[in-house]
Amino acid sequence: MESIAVLMTKPIYSYLQAELEKRFKVLKLWEAQDGSRFLEDHNQIIRAVVSDGGTGLSPELMAALPKLEIVSSFSVGMDKIDLGKCKEKGIRVSNTPDVLTDDVADLAIGLTLAVLRKLPASDRYVRSGMWKKGEFKLGTKFSGKSVGIVGLGRIGQAIATRAEGFGCKISYHSRTPKPESSNYTYYPSVVDLAAHSDGPRGVLVNIARGATVDEPELVSALVEGRLGGAGLDVFENEPNVPEQLIELDEKVVLAPHAGSGTEETRKGMADLVVGNLVAHFEGKELLTPVV
């Protein structure tokens with residue numbers, strides 16, 4: 001298996017790279033001075049691509065690799081991989097679900113608390129010495145609030161379970177009602193869900209995809225007071241974040257797309273990436289197949 005060429009599109013995680021190098025011939029696209037020439041020189045031997053959710057697999061890269069058999073993505077999201085085209089060309093695709101569910105759900109609750117209780121601002125208040133001059137402004141209670149969740153999949157359910165621990169009333173929107181979640185209130189549209197939220201005092205938390213939220217409209221809603229605050233781990237044009245969001249210091253808490261960012265989870269994701277490649281080249285079923 002050491003002779004099988006695997007292309008890494010970018011440096012992702014040092015443990016993953018080390019584990020790949022133990023088993024495969026790893027080609028590092030980012031180290032090439034001329035990426036196009038590099039692909040031309042190696043396109044007949046590259047049988048696998050390892051990428052992540054932010055980079056995916058561009059149509060141009062897919063077209064440049066005629067021997068490509070599998071894309072093993074260090075992510076759950078498949079937004080930047082044309083799954084239909086992969087299926088058409090017989091290219092297998094795998095991702096890393098489940099292992100990051102708890103971490104992402106934890107961060108969702110953490111961002112919610114950070115916004116409502118003004119945790120980053122209160123930290124700066126103490127460090128700057130302002131506490132000696134007076135008490136910090138009051139925050140907002142989370143326990144008992146109404147929590148609306150868009151998408152009640154693995155992560156959405158994990159968030160709901162955590163919010164229940166705070167005595168929150170859970171409602172959700174998904175394509176269809178979830179019979180196993182009959183204790184939660186279902187709304188047939190996101191608009192209906194939002195209409196039954198806390199309105200101008202509410203907080204929007206996004207740990208899914210940047211494109212899920214209209215960023216300019218979000219900024220307007222925050223500036224105009226139509227939304228109480230936001231906790232954001234993902235953005236439309238990462239790593240670029242709108243300056244207006246950065247300036248809304250008291251209303252907005254920002255994170256650098258770190259939902260799965262723990263040692264334990266990243267290791268688990270890396271093991272799945274490698275495991276899927278090994279399974280494919282040994283002629284076995286993929287551990288977490290997408291295509």
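Start with burial: of the 291 residues of the protein, 42% count as buried. Buried means under 20% relative accessible area, exposed over 50%, and partly exposed in between, with a 1.4 Å probe and protein chains only. This is a predicted model, in which local features need pLDDT of at least 70 and side-chain atom pairs count only at pLDDT 80 or more, while totals for chains, interfaces and linings use all residues. Residues are numbered from 1 along each chain as its sequence is written, and side-chain values use heavy atoms, with hydrogens and water left out.

**Whole chain**

Show the C-alpha trace. Its atoms fill a box of roughly 65 × 50 × 30 Å, taken along the principal axes. Switch to cartoon: the protein has 11 helices and 11 strands. Helices (H or I, at least four residues) and strands (E, at least two) are DSSP runs, numbered from the N terminus. Contacts here are heavy atoms within 4.5 Å. Among contacts with a separation of 6 or more, residues 24 or more positions apart account for 52%.

**Domains**

Colour 5–97 + 264–281 as domain 1 and 101–254 as domain 2. These bounds come from an automatic or database domain assignment. The C-alpha centres of domain 1 and domain 2 lie 33 Å apart.

An unreviewed entry lists "domain: D-isomer specific 2-hydroxyacid dehydrogenase catalytic" at residues 6–290. UniProt positions use the numbering here, feature names are shortened, and annotations may be inferred rather than shown by experiment. The unreviewed entry also places "domain: D-isomer specific 2-hydroxyacid dehydrogenase NAD-binding" at residues 109–198 and 201–259. Select 109–198: the end C-alpha atoms lie 17 Å apart, and the span is 38% helix and 13% strand. Then select 201–259: the end C-alpha atoms lie 25 Å apart, with 24% helix and 19% strand.

**Helix H1**

Select residues 14–23, helix H1; Leu 16, Gln 17, Glu 19 and Leu 20 are buried there. Look down the axis of H1: the buried residues fall within an arc of 165°, so they line one face of the helix. The arc is that of the directions from the helix axis to the C-beta atoms. Ser 14 and Lys 22, on the other side of H1, are exposed. What covers the buried residues of H1? The cover includes strand S1 (5–8), strand S2 (25–28), strand S3 (46–52), strand S4 (70–74) and helix H11 (263–281).

**Rings and cysteines**

Show Tyr 13, Tyr 15 and Phe 74: they form one aromatic cluster. The structure holds six aromatic pairs. Rings of Phe, Tyr and Trp (its six-membered ring) pair if their centres lie within 6.5 Å; planes under 30 degrees apart count as stacked, over 60 as edge-to-face and the rest as tilted.

Next, Cys 86 counts as buried, at 0% relative accessibility. Cys 168 is buried too, with a relative accessible area of 8%. The structure holds zero disulfides, a disulfide being a pair of cysteine sulfur atoms within 2.5 Å.

**Loops and backbone**

Most residues other than glycine have a negative phi, and most peptide bonds are trans. Go to Asp 98, in the loop between strand S5 (92–94) and helix H5 (101–116). Its phi is near 70°. Asp 98 is partly exposed, at 45% relative accessibility.

His 257 sits in the loop between strand S11 (252–254) and H11. Its phi is positive, about 50°.

Which bond joins Glu 238 and Pro 239? A cis peptide bond, with omega about 5°. Pro 239 lies in the loop between strand S10 (229–232) and helix H10 (243–247).

Finish at Ala 211, exposed with a relative accessible area of 69%. The C-alpha atoms of Ala 211 and Phe 235 are separated by 7.0 Å, though 24 residues apart along the chain.
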